[in-house]
Amino acid sequence: MPKPLLRRLILTFLVGISCFFTGLVFFLHEGDTSFFILSILLFAGFAVKAILLGLQIKRKTYFVLEGSCSDVRLRLFRNSHDIVLTDQDGTEHLLRIGKDYNIHSGVSYRLYFKTSSDSIPS
């Protein structure tokens, strides 16, 4: 199991558990039922998300793209930038990545993408 996917799985489940316990503590302290119900719903949502991610990892329905970033193209007035990732075979892949990810030219990256049963990335 790849470490980044395992870390995301654990963090997703921990966020759900922390929402539940925060709601439980607030319910026991203040007696607010609606906040507790909301925290239970949040926990259920995060649990479902963690289970689906776990199944995806177990079934290996993800695609790994590994290579060196050869170019970063900034997109003005957009929330993303384009990067060119060159793999070991020399094939260039143009990817659109959110600006919240700090990507540098000349650095090697390993990216994980979700695949569906209908499409296989090329």
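Modeller: The dialogue below treats the salt bridges and the exposure of their residues. Please note that this is a predicted model.

Colleague: What is a salt bridge, and how many salt bridges does the count come to?

Modeller: A salt bridge is a side-chain nitrogen of Lys or Arg within 4 Å of a carboxyl oxygen of Asp or Glu. By this rule, the count here is 3 salt bridges.

Colleague: Which residue forms a salt bridge with arginine 110?

Modeller: The partner of arginine 110 is glutamate 66, and their closest N and O atoms lie 3.0 Å apart. This pair links distant parts of the chain, since arginine 110 belongs to strand β4 (residues 108-114) and glutamate 66 to strand β1 (residues 62-74), 44 residues apart. Arginine 110 is partly exposed, at a relative accessible area of 47%, and glutamate 66 is also partly exposed, at 40%.

Colleague: Which side chain meets aspartate 82 in a salt bridge?

Modeller: That side chain belongs to arginine 96, with 3.0 Å from N to O. Here too, distant parts of the chain are linked: aspartate 82 lies in strand β2 (residues 80-86) and arginine 96 in strand β3 (residues 92-98), 14 residues apart.

Colleague: Is aspartate 82 buried or exposed?

Modeller: Buried means under 20% relative accessible area; aspartate 82 has 12% and therefore counts as buried. Exposed means over 50%, so arginine 96, at 54%, counts as exposed.

Colleague: What does arginine 73 meet in a salt bridge?

Modeller: Arginine 73 meets the side chain of aspartate 71, at 3.0 Å from N to O. Arginine 73 is partly exposed at 40%, and aspartate 71 is partly exposed at 29%.

Definitions and conventions:
Residues numbered from 1 in each chain as written. Predicted model: local features only at pLDDT ≥ 70, side-chain atom pairs only at ≥ 80, totals over all residues. Heavy atoms only, no water. Helix = DSSP H or I, 4+ residues; strand = E, 2+ residues; numbered from the N terminus. Buried < 20%, exposed > 50% of the residue type's maximum accessible area, 1.4 Å probe, protein only.
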